[in-house]
Number of protein chains: 2
Amino acid sequence: MSESIQCPGFVAAGVSAGIKKKTALDLGLIFSQQPATVAGMFTRNRVMAAPVQITQKRTAHGVAQAIVANAGCANCCTGDQGVLHAREMCAAAAAGLGIDAERMLVASTGVIGAPLPIAKIQDAMPALIQGLRPDGFEAFARAIMTTDTVPKLVRRQGVMEGTPFTLLGVAKGAGMIRPDMATMLCFVCTDVAVSATSLQAMLHQAVDRSLNCITIDGDTSTNDTVLLMANGVSGVVVETADQRQVFQDLLDDLLMDIARRLVKDGEGVTKVVEIKVTGAASRQDAFRIADTVAHSPLVKTAFFGEDANWGRILAAAGRAGVAFDPRVIEVFFDGIQMVAAGQGCGPDRETQITAIMKQPEFTVTIDLHGGSAEASMLTCDFSLDYVKINADYRS
Amino acid sequence: MSESIQCPGFVAAGVSAGIKKKTALDLGLIFSQQPATVAGMFTRNRVMAAPVQITQKRTAHGVAQAIVANAGCANCCTGDQGVLHAREMCAAAAAGLGIDAERMLVASTGVIGAPLPIAKIQDAMPALIQGLRPDGFEAFARAIMTTDTVPKLVRRQGVMEGTPFTLLGVAKGAGMIRPDMATMLCFVCTDVAVSATSLQAMLHQAVDRSLNCITIDGDTSTNDTVLLMANGVSGVVVETADQRQVFQDLLDDLLMDIARRLVKDGEGVTKVVEIKVTGAASRQDAFRIADTVAHSPLVKTAFFGEDANWGRILAAAGRAGVAFDPRVIEVFFDGIQMVAAGQGCGPDRETQITAIMKQPEFTVTIDLHGGSAEASMLTCDFSLDYVKINADYRS
C-alpha cells in the first residue's frame, strides 16, 4: 500500500519520539518541496488548543510548506507555556528543513491538560527530517493515531484538460459521539496550482458535505484541524469555474471516503448507518433532524442491539426543533418501509428489517413529505466497547 | 411505607391488566373525592402521544378529578385509533367512578407504535376502581414503572398559618440520556385550595428548578407528563404572595427529591453527579454549559470509569456556544480544586479526586469567573449496563 500512496512534490515521515505511553510512532512531518497555497478549517470550540491557535493564524496568510503533528498529547489547556511549546515544535522542524517558521503548521492530539514533552520532540526532530520520503505518508498516518485501529490514507487521481493531478488525504479519527477530545485531524496534499482563496472556498464546501456530515462535527473537539496544501507541481492550474468543478468533485469524493473510514473505525463501532432525511422544507431542517437522530443514544443503542425500534427514530426526529406533520412521515431501512403515515407497518416488516440491521452498513431514510430538501448524516452504533474504551481512556 | 404515603381526599390503586409482557401491575388510577384544580406540563416533542394530546386539552380547563395511567404501551404513533383508544380508556374509568369524562386525565408509557390493548384495560377497570384506597399510591407507583427498579413515591407535609397540608408525588423514570422514549411521568396531589392559574404558575417554576434540571428534559419524550391536582380538603387556602411562597417552597422540595430519585434509578446508573456552573454572565449561559457537560457521553463515561478527566469537562464546556475566557476557568470536584486558571492542578490532586469519584454522589463545580449567575444540572454516569438495557429494551 505504501508504494502507491504518494503525491508529487510532497514527502512525509513518522517516528517514535516517546510521547505516547507505549512505544509507537507519535511524531509526523509532511513537507512540500515547493511553497504551497494552503486552506484550513478549525474547531469552533471556545477551548482551543495552542497548536490550533498558531496554525489558524498562519493558514490565514495563504502560504505554507510543512505540517508537523504529534499524538499522545493535545497541548490543550496548557496556558502560555503550551503556546511557547507549539512555537518551539515549529521552530525545531523549520530549522531542520531550512524554511521560515511562519510556513510551518502544527497539530497535536491526545490527552488534554498534560504539558507537551517538547525536549523529546526536539530530540526526535533530526531523525524525523532524515526519514522524509515520498512514500512516508503511511508512517505519518500511524504517527497521528490515538484510538484509531487502522491508519487512514486515501489517494485520488484526476485529469484536468489532459494533465493528471493527485489528491492525497491522511486523517485520524475520534470517539464517534460528539468527540470532546479524541480529535479529528485531516491533512490533504495536492499538486495542482490554485489560489489560497479558491482553495479555502473549495475546502469549506467539501468539508460541509463530508466531515461535517458525520457524527464527528467540527465544532466540538479542542484540536480539530483540516488542512489542504496545493504545491502546483503537476502543472495543473485550477482557476476557471470548470476547472474548479473538476477539482471540487475529486476533493468531495476524497473527503467523503475519509469521512466514511473515520466512522467505520470509530470507538467500538460495529455498524455504519446513514441517516437520510428527505421531503423537508429546507436543507437546514433536514440536517437538524438527521443530526438529532444520528446523535440519539437510544437510537444508537438500538442499532447495536439490531432492534428495529422505529419509535425511537420518530421520537428523536420529533425533538429536533423542526416543524413537521407526524401523521404523514415515512421511514425506510434500505429499501424496506417500516413506517407509513406515521405508524408502524407491523411485526412481519420488523423481521425483514432486523435482517437488514445485521449488515455492517445500512441506510435509514426518513421522508417528511413536507418539501423537497434533503440531507444525510453518517453515524454509527453505540456499543459496549464504546463505554469500555472511554471509561478507561487514560488508564 | 404504604401506610404513611397518603394525601387527604385522594385514593389510588394499581392492578395487572395484562398490558406488560410479563405479569405485573400495569394500570393505575388516582381519584380525588372532590373536583380538584389542576395544572400540567407536557412534552414539547412534535411527535406527541395520543393520551398527552387529550390530557393537555382537558388540563387547560383547570378542573379535573382523576388520572388513569398505564405502562407497557405508550399509545404513540398510533394515529386516529390511538386517540380513540385514549378516549375509551378515560370513558371506562369515568363511567366506573360516576364522573364526567372531561374530568378524567390519561397518561401512557411504554413501547411506541404498538396499539393500546383497550379491551384488556376495559376488562380490568372494575377491579381497579374497586381497589381504590387512601394507601393505594404504592400500587399506583408500581403500575406506571417501565425500566424503573424502585417505585418513586414522596410525601411532604407543611403548615400554613397553623393548618397542616400535604403534598404527595408519584413518578416514573426513564433512560437517563435525553430520553426519547422511556417517558417521565409525575403526578402530584395536594389538599390545599388554590386557583388553577396560580397552580400552573407554581408548577412551572418548580419543574424548571427540578425536573428540567436533570438530564430527563421535558421536550424530548413523546409522552412526558407532569400533573398537579389540588382538592382543598385540608381547608388551607393558597392565595396571597406569602401563602404561595410557603406552598412553592414545599413543592420545589418535593419535585427536587423526585428528580434526584429519577436520576439515581436511571438505566444503568452507578453515580449521580451535580454539574454546577457559577460565575456566568447569565443564568441561561450557566444552564447551557451545565446542560452540555451533563449530556457529554465522554464526560459520562469518564464518571463511570472514575477517571478525573477534567479535559473532557473543559472541552464540553467550550462547545456549549457560550462565550467565556478559558484562561480563568476553575473546576472543583466537591471541595477539591482540579483546574486553576484553565490548567490542571497536577497528578497529586487527581489522586484525591479519584477518591471523590468513587462515591455514589458528588458535585462538579465549574467557575467561569465571568459574572455572578449560576445554574445546576443533575446527571449520571454512562455505564455498560445503560447500553445493555437499551440494546435489548424490546426483546
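**View 1. How buried is chain A, and what share of its residues count as buried?** In this predicted model, 61% of the 395 residues of chain A count as buried. Chain A carries 11 helices and 14 strands. Its radius of gyration is 22 Å, close to the 21 Å that the globule rule gives for 395 residues, so chain A is as compact as a globular protein of that length. Taken along the principal axes, the C-alpha atoms of chain A fill a box of roughly 70 × 55 × 35 Å.

View 2. Setting aside neighbours within four places in sequence, B:Leu29 is in contact with B:Ala12, B:Ala13, B:Ala66, B:Val68, B:Ala93, B:Leu128, B:Ile129 and B:Leu132. As a rule, nonpolar side chains in soluble globular proteins tend to be buried together.

**View 3. Now for an open sheet of six strands in chain B.** Reading across, the strand order is 12-11-10-13-9-14, with mixed pairing. Strand 12 (343–344) and strand 14 (373–380) of chain B sit at the edges, each pairing on one side only. Elsewhere in the sheet, strand 9 (residues 272–280) and strand 13 (residues 361–367) of chain B pair in the parallel sense over seven bridges. To find your place in that pair, look for B:Thr278, which stands opposite B:Asp367 in strand 13 of chain B.

**View 4. Two helices lie across strands of chain B, helix 6 and helix 10.** Helix 6 (residues 241–264) of chain B lies across strand 9 and strand 14 of chain B, and it runs at about 40 degrees to strand 14.

**View 5. Finally, we zoom in on B:Val364, in strand 13 of chain B.** Why does B:Val364 count as buried? Because it has 25 C-beta neighbours inside 10 Å, and 20 or more is enough to count. Not counting residues up to four places away in sequence, B:Val364 touches B:Val273, B:Ile275, B:Ile313, B:Val331 and B:Phe333. B:Gly346 is 18 residues from B:Val364 along the chain, and their C-alpha atoms are separated by 17 Å.

Note on methods
Residues numbered from 1 in each chain as written. Chains lettered and ligands numbered in written order. Predicted model: local features only at pLDDT ≥ 70, side-chain atom pairs only at ≥ 80, totals over all residues. Pairing = 2+ DSSP bridges. Helix = DSSP H or I, 4+ residues; strand = E, 2+ residues; numbered from the N terminus. Contact = placed C-beta atoms within 7 Å. Axes fitted to C-alpha atoms, helices over the stretch in contact; angles between N-to-C directions. Buried ≥ 20, exposed ≤ 12 C-beta atoms within 10 Å, placed from the backbone. Rg over C-alpha atoms; globule rule 2.2 N^0.38 Å.
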